[in-house]
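Subject: Structure for you to look at

Hello,

Here is the structure I promised. Please open it and keep it beside this email as you read.

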Amino acid sequence: AQTPVKVTVTGAAGQIGYALLFRIASGQLLGADVPVKLSLLEIPQAVKAAEGTAMELDDCAFPLLSGIEITDDADKAFDGANVALLVGAMPRKAGMERGDLLQANGGIFGPQGKAINDNAAGDIRVLVVGNPANTNALIAQQHAPDVPAERFTAMTRLDHNRALSQLAAKLQVPVTEVKKMTIWGNHSATQYPDLFHAEVGGKVAAEQVDETWLRDTFIPTVAKRGAAIIEARGASSAASAANAAIDHVFDWVNGTEWTSAAIPSDGSYGVPEGLISSFPVASRNGKWEIIQGLEIDAFSRERIDASVRELEEERAAVRELGLI
Ligand code: NAX
């Protein structure tokens, strides 16, 4: 039998964790023929809740689930890990300044990066979901000098999927008709969902919608969808976030021609090297590649630059705080 793939999930007792773990265990993360072993990392106060979720996982009798371990010790959690989903993070609380938020998350993602560096398997792939996701991924990566930098990624797939859905609804086509969607920049309100390269029915999407809708409805609806979900549901996106994490890792491992992911920049499209920024990406042979050669007009340039500037500011802030 195949050796199980070890998947470590942090924040396992949280709401995204609850939506995510059952899908991993059912085979949706890696494939319907790949056995998995789950490792749940939580803070001490939430270990008991994670144990409860593990009981429910047991009760599903998933054929592909070969074991579950639960711990509050990062070294144990990441020991031999092949995939790490870093979901647990410090949420912004009322009155919290950006510096406080970055500091609190540095205290989580720095040590977790080091634990990954020291304990994970050679093929470790990391997806950061916990916000501020791009900069948390950068912090973790900077504490893992022995792991290839490209193995640290952050999630903009939920934004990507939201953009697919909004555009498909507007044009009244199935989502499968929408190709070449791209989210650029930071997973934040400055992100830029790009319709100038997206295609519907083989034609550029931007040419099939009016400019006012694109600028004043589409872009802000995608960028602020998280807040709209909180407003409606009274809680932040969970099942859709878990779904996006599944999509990201599945495509990373199994390949795709075009999606969006935040990966370390190699300087492409004027994004400073090293920033973990969202790009149009393909996945080939288990590696993300930035799709090259797209023409960026002034409208897109301005918006990409604004989001990248925010990432640079976050990087400068965590440097100043000594977190990287
Ligand atoms: P919850 O508050 O429900 O769960 C977070 C869990 O993380 C808690 O159980 C907590 O005990 C645990 N945790 C905290 N610190 C930890 C640590 N040091 N080690 C291990 N576990 C730790 O939040 P949830 O709704 O699940 O969201 C998790 C994160 O995802 C948040 O940061 C949220 O902002 C972020 N999101 C990111 C999205 C994205 O697209 N990148 C979208 C959805 C979501 O908003």
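The ligand takes up the space of the largest pocket. A pocket here is an open set of points where a 1.4 Å probe fits, on a 1 Å grid over the protein atoms alone, with protein on both sides within 12 Å along at least five of seven lines. A molecule sits in a pocket if more than half of its atoms lie within 2 Å of its grid points.

This is a predicted model: local features need pLDDT of at least 70, side-chain atom pairs need 80 or more, and totals for chains, interfaces and linings use all residues. Residues are numbered from 1 along each chain as its sequence is written, and side-chain values use heavy atoms, without hydrogens and water.

Next, polar contacts (N or O pairs within 3.5 Å). A ligand oxygen is 2.8 Å from a side-chain N or O atom of Asn-131. A ligand nitrogen is 3.3 Å from a side-chain N or O atom of Gln-112. The protein covers 79% of the 870 Å² of accessible area that the ligand has on its own (Shrake-Rupley method, 1.4 Å probe).

One last thing. Most peptide bonds are trans. The bond from Asn-131 to Pro-132 is cis, with omega near -5°.

Best wishes

Notes:
A polar contact is a pair of N or O atoms within 3.5 Å; within protein, one must be able to donate a hydrogen and the other to accept it, and residues adjacent in sequence count only if both atoms are side-chain atoms. On a 1 Å grid over the protein atoms alone, a cavity is a set of points where a 1.4 Å probe fits but cannot get out, and a pocket is an open set with protein on both sides within 12 Å along at least five of seven lines; lining residues have an atom within 4 Å of a point.
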